[in-house]
Amino acid sequence: MSITIPALLGEKVRLRPVAEADVPRLVRWFNTPDIRHWLHASERPDATLETVTDRFLRNWDNTAGVLWIIETLEGTPIGNLRLLDMDPHHRRCELAISIGEVAYLGRGYGTDAIQQSLRFAFNELGLRRVDLFTDADNERGIRCYEKCGFVREGLLRERRLRYGKPIDMLVMGVLVEDWQARTRD
Amino acid sequence: MISESILEGDKVRLRPVEEGDLPQFVHWLADKEVTRWLANIGQPPTLEDEYEWWHDKRSDPDSVLWAIETDDGRLMGTTELRLTIRAERAELGIGIHDKTQWGKGLGTEVVRLVVDYAFEELNLNRVELTTDEENARAIRCYEKAGFVREGLLRQHRLVDGRFGNTLVMGVLRDEWQPLERRLDD
C-alpha cells in the first residue's frame, strides 16, 4: 500500500512532498562539504542530477518510505527529511534528516521538522517506534534528537567510513509513549 | 548473489543455495518454533514466496547467501551477509531451520566461517547482527565467536503479540581471531 504524503505545518517549517524542481537543489546540498561530512553516504561519488533523480524520484519506494522537503514558513527550501524502512508488522521506521542550507543549521528548524514527522508517524501511520542512526561525534544532531524524545540505545563501533576512516555511530530510538509524555508537558 | 564459494568447517559445510532446497525451507518455516526467532517472517512462506526470495537474492549484488549443511551433506538452513560496501561492513543473518540440529554448536562454526570470509575474502572492517534479546542460545553463540554487545533497541519487534527488545552486536576486523589461529591454540 503506498503512502499518500501530506504537507505538514509546524511552527518554523513546512514539510512538503519532493518535486522534480528540487533535484538540482538536492544535488547541491549533498555535495556541500560541511553537509556531506555527516551523511551516511558521504563516501559515495559526488551526487549528480541523474543519481538524485534515480534515488529520490524514479526509484523511490513509497510503500516503504516518505520523503519531504523542509521549507521555512516563507517558502525557502532548506533540507530534507525521510521516514525509511517502514515496517507495518513491527510498527516502526527509521528517520533520516539533513539540513542542506548551512545558514539554517542550529536554529531549531530540524527540531521542528522532526517533531512534525513524528506526529505523522505515530498518529497517522500508527507506528510505535522510530529508529535513527547518527555519527557519534554529531553533537548538534544528537542534542536535537534528544530534544525530540530520542534515547541513546547503543554505540555501533566503526560502523561507517568518513574520508576513508572508520567512525562510530550512535543508534537512537523514540517510542510512542516517550513522545506522548513529552508532548503532554 | 548466491555465493559460489564453498566454505568447509569441521562439522558444517556452506554451499550455494539451489532451487531444489526450497521445498525443505517451506516445510521448516511452517513451524512456529522455528520462525519464533526470525524477525522478518510474518506469515509462513509458500513455495512461490521462497522461489521469489531465492530469485531476488541471486540478482542482489549486496547479498551473499549460502545453504548450511552438515558434514554428511544434510541441508539444515541458510546464512547470509548483507553488504554495505561503501562502509566496509556487512550484516550477518543465520537460520538453522532444522531444529533437530539445534544446540550442537553448529551455529558457532557457521558464524566463524562466514565472518572469516567477510574479513579475509571481502576485506570488510565490521560485521554486525541483530537478534531477539531473549534468544539466549544465539547470543551465546555470537559471543563465543567474538561478537560484542553494542546496543539494545527497545520494543523493536513484535513477537506473539508482545513488543520485545532487539540486541545489536558487532565485531571488528582488528579484534577478530581467524579460524586457523584458533586451531593452533
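This is a predicted model: local features need pLDDT of at least 70, side-chain atom pairs count only at pLDDT 80 or more; totals for chains, interfaces and linings use all residues.
**Helix H4 of chain A**
- H4(A) runs over residues 109–124, and its 16 residues should span 22 Å at 1.5 Å a residue.
- Just after H4(A) comes A:Gly126, which has a positive phi of about 70°.

**B:Val115 in chain B**
- Chain B has a helix H4 too, covering residues 106–121, and B:Val115 sits in it.
- B:Val115 counts as buried because 26 other C-beta atoms lie within 10 Å, where 20 or more are needed.
- Leaving aside residues up to four places away in sequence, B:Val115 touches B:Leu92, B:Val127, B:Ala145, B:Val171 and B:Trp176.
- B:Trp54 is 61 residues from B:Val115 along the chain, and their C-alpha atoms are separated by 22 Å.

**Where chains A and B meet**
- Chain A gives 23 residues to the contact, and chain B gives 20 residues.
- On the side of chain A that touches chain B, strands S6 (129–135), S7 (151–162) and S8 (165–175) are the elements that each give two or more residues.
- S7(A) supplies the largest share of that side, with 9 residues.
- Sorted by class, the side of chain A that touches chain B holds 12 charged, 7 nonpolar and 4 polar residues.

Terms used. Residues are numbered from 1 along each chain as its sequence is written. Chains are lettered from A and ligands numbered from 1 in the order in which they are written. Two residues are in contact if their C-beta atoms, placed from the backbone, lie within 7 Å. Helices (H or I, at least four residues) and strands (E, at least two) are DSSP runs, numbered from the N terminus. Ala, Val, Leu, Ile, Met, Phe, Trp, Tyr, Cys and Pro count as nonpolar, Asp, Glu, Lys and Arg as charged, and the others, Gly among them, as polar. A residue is buried if 20 or more other C-beta atoms lie within 10 Å of its own, exposed if 12 or fewer, and partly exposed in between; C-beta atoms are placed from the backbone. The expected span of a helix is 1.5 Å times one less than its number of residues.
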